[in-house]
Amino acid sequence: MTKNRSSANKGVFCAAVCANRQIRQRFYRLRLEFSGAGAEAFSNFKPGQFAELDLCDTALPPAKTIPEDLSNAAGRKILLRRPFSFTDVTMQGDKTLVDILYCVVGPATLRMTTLAAGNSVSIIGPLGNGFWVPGGKKRAVLVAGGMGAGPLEYLAKILTADYPGIEAIALAGAKMAKELPFEGRLDEISQQLGFSLPVFAKYGIQSVVATDDGSAGHHGLVTDCLSEWLGGPDLASESMIIYSCGPEVMLARVAEIAKEKKIDCQVSMERRMACGFGVCQSCAVECRVSDSSETIYKLCCEDGPVFDGMEVVF
Amino acid sequence: MNESVDISVDFAGIHLANPVFTASGTCGYADELGEYMDINRLGGFITKSITRRPRKGHATPRIVETNSGMLNAIGLANIGLDKFIEEKLPVLEKMSAAVFVNLAGETINEYVAVAERLANEKAIAGFELNISCPNVKKGGISFGTEPVQVKEITSAVKKAAGEKVLMVKLSPTVTDISVIARAAVDAGADALSLVNTFTAMVIDIESRKAVLANKTGGLSGPAIKPIAVYLVNKVYNEVAKDRGVPILGMGGIRNASDAIEYIIAGATAVAVGTANFVEPGCAAKIIEGIKKYCTRNNVAQIRDLVGSLLKEE
Ligand SMILES: Cc1cc2nc3c(=O)[nH]c(=O)nc-3n(C[C@H](O)[C@H](O)[C@H](O)COP(=O)(O)OP(=O)(O)OC[C@H]3O[C@@H](n4cnc5c(N)ncnc54)[C@H](O)[C@@H]3O)c2cc1C
Ligand SMILES: Cc1cc2nc3c(=O)[nH]c(=O)nc-3n(C[C@H](O)[C@H](O)[C@H](O)COP(=O)(O)O)c2cc1C
Ligand code: FES
């Protein structure tokens, strides 16, 4: 993957819902199918890029199934599309299938849970710039916080398929076990690097899980795991790269560690987006300008969401 | 079927192929929506506010969604006049829609400087004077709430604008919008556009802080439409009709029915704002929908519909 601008054939497409599966409490995986021009456009989708879903006309779940903390928000009449990245993209004949891992946090994602096979959804994309692989890399560390695991799962797939010279590992963290967006029992998951997370293991990539409260995997911050792990292998820092997606405080720490160790680092940023395609200016990310103390605002949706970790002012 | 319907309008001397614009701040500087629609189908196009120097704008969060609406506090972030001329004007030159450059600034001199510099550019049909931005401390809305200041800035920019059409964009956050409209027209405004966003606030009750970094923002979208339709009708009846000044109506327009409501209320043309974010090709659909409405209702020329609100006898 080279660093380039978003694909030329983006547009508004209609996707058919294939499946929408709850994987744990608040986490779901949605599978969408594109045909025709949409299949073509999304076949070029890169890990870290995103798409904007229109969920305005999607029904709410029955009132009694809505979690209490979301019952007030649920009543809000939504207007704007919502940005999501993909955890997988596969081609099947002339169709393109995409998977979205999502967390139920408000009115739009609540509506998303009622999407079922047979429904369709309007989607704009592919949007933004994804992760890229600079030359000379031999080792990639994927650092995920909570929902950040989504795009990194797809990155793991592409690294394995297209970059046999790069060995990748994944570190996935969350506050507590129930905020980890993975299937299966996590309370007994290994504290060591291994093939414990199927989403990465299926691509032959080892992983470690960390939780702040110790309820799953390593007891502590995922960024501490990163520091520890970087202290271990004696690969030259130029041949390594860190890819990260998750809460901004975590990204800030990851970028700081990368800077200390002089390792390349890419972070996927999140901003509230009104449009997602560069016209509203709502998604500003403060960035450094090289050789200057000045900063500028770049647009998360157009210039990102993936940025060089050194560039972002956290 | 639609061939016989004439949806072209005369807007302050500019011939528009149809009465649909895209609104400032929601369609970029030039052809950004081109990936989603044929922008040459637009009647008019209004750029993001341009200031003399580039502006970074406010910290984030800059937007928050509300019930059927959204607040924005972008802070007039824009690339500035020089870059606009260098990078965007050449693109605008190729557009068939009537191009209006939205002007903003902190002092009258700044507005005048931008207008003067662009007054002879053939790519531009006119200016939209933004004296109604609720999101900047200096300039912006403060020019748009005092009739004396409205007159002063309008006449200064009118001089600088030369042959170009000057449209003044009004804030709805005033006691009597007609007083402001009259001041603008008295000072030489060729057209009026309304409304800009309503100053508003959203509070996070857990943190007890305003959600937007700027604390307040401007409310737009379907939530404001009925108030904006009323204000257009009021300005049409109290000022624009008698003075022969066209109105560009906007606020929450999402479909042709919304657009027609504004036209009946007194708008000669309409602008689509927030809806571009959700459906970036919706302006083209609205144009088609207006044609269909005219056919269905035997309206031979859309201009006959302007201000056609019936008064009960
Ligand atoms: C580029 C990008 C990719 C994304 N990919 C995914 C994904 O793959 N899976 C997924 O589940 N989510 C993803 N998100 C987040 C997702 O867009 C939001 O969770 C969703 O918009 C929430 O909508 P809602 O109506 O359910 O909740 P809302 O009511 O809109 O939000 C719920 C809560 O989250 C806060 N919030 C919402 N959006 C943001 C934001 N951008 N930054 C900070 N706080 C915010 C709100 O303040 C509110 O408290 C992504 C966001 C971006 C910008
Ligand atoms: C994100 C955003 C940015 C805007 N920026 C500008 C601007 O730079 N200048 C301006 O005159 N109006 C600006 N507006 C106001 C719109 O042009 C329009 O007047 C208003 O949003 C009402 O129309 P709507 O409800 O269709 O959006 C902006 C609106 C939004 C939502
Ligand atoms: S979300 Fe509109 S410019 Fe980025």
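The structure is a predicted model, in which local features need pLDDT of at least 70, side-chain atom pairs count only at pLDDT 80 or more, and totals for chains, interfaces and linings use all residues. Residues are numbered from 1 along each chain as its sequence is written, while chains are lettered from A and ligands numbered from 1 in the order in which they are written.

Two packed helices are described by the angle between their axes and the distance between the axes. In chain B, helix H6 (residues 256-265) packs with helix H8 (residues 282-296) at an angle of about 65 degrees, the axes being 8 Å apart. H6(B) and H8(B) are therefore roughly perpendicular to each other. Axes here are lines fitted to C-alpha atoms, for helices over the stretch in contact, with angles from 0 to 180 degrees between N-to-C directions; helices (H or I, at least four residues) and strands (E, at least two) are DSSP runs, numbered from the N terminus. H6(B) contributes B:Ala256, B:Ala259 and B:Ile260 to the contact, and H8(B) contributes B:Ile286, B:Gly289, B:Ile290 and B:Tyr293. Contact requires C-beta atoms, placed from the backbone, to lie within 7 Å.

H6(A) and H7(A) pack at an angle of about 15 degrees, with 10 Å between their axes, which makes H6(A) roughly parallel to H7(A). On H6(A) the contact involves A:Val222, A:Thr223, A:Leu226, A:Ser227 and A:Leu230; on H7(A) it involves A:Met250, A:Arg253, A:Val254, A:Ile257 and A:Lys261.

Within H6 of chain A (residues 222-231), A:Val222, A:Thr223, A:Cys225 and A:Leu226 are buried (20 or more other C-beta atoms within 10 Å of the residue's own, C-beta atoms being placed from the backbone). Seen down the axis of H6(A), the buried residues fall within an arc of 150 degrees, so they line one face of the helix; the arc is that of the directions from the helix axis to the C-beta atoms. The cover over these residues includes strands S8 (139-145), S9 (167-174), S10 (206-211) and S11 (218-219) and helix H7 (248-261) of chain A.

Between the chains, 29 residues of chain B are in contact with 23 residues of chain A. On the chain B side, the elements giving two or more residues are strand S5 (63-66), strand S6 (69-72) and helix H7 (275-278).

Methods: Parallel < 35°, antiparallel > 145°, perpendicular 65-115°, else oblique. Contact = placed C-beta atoms within 7 Å. Buried ≥ 20, exposed ≤ 12 C-beta atoms within 10 Å, placed from the backbone.
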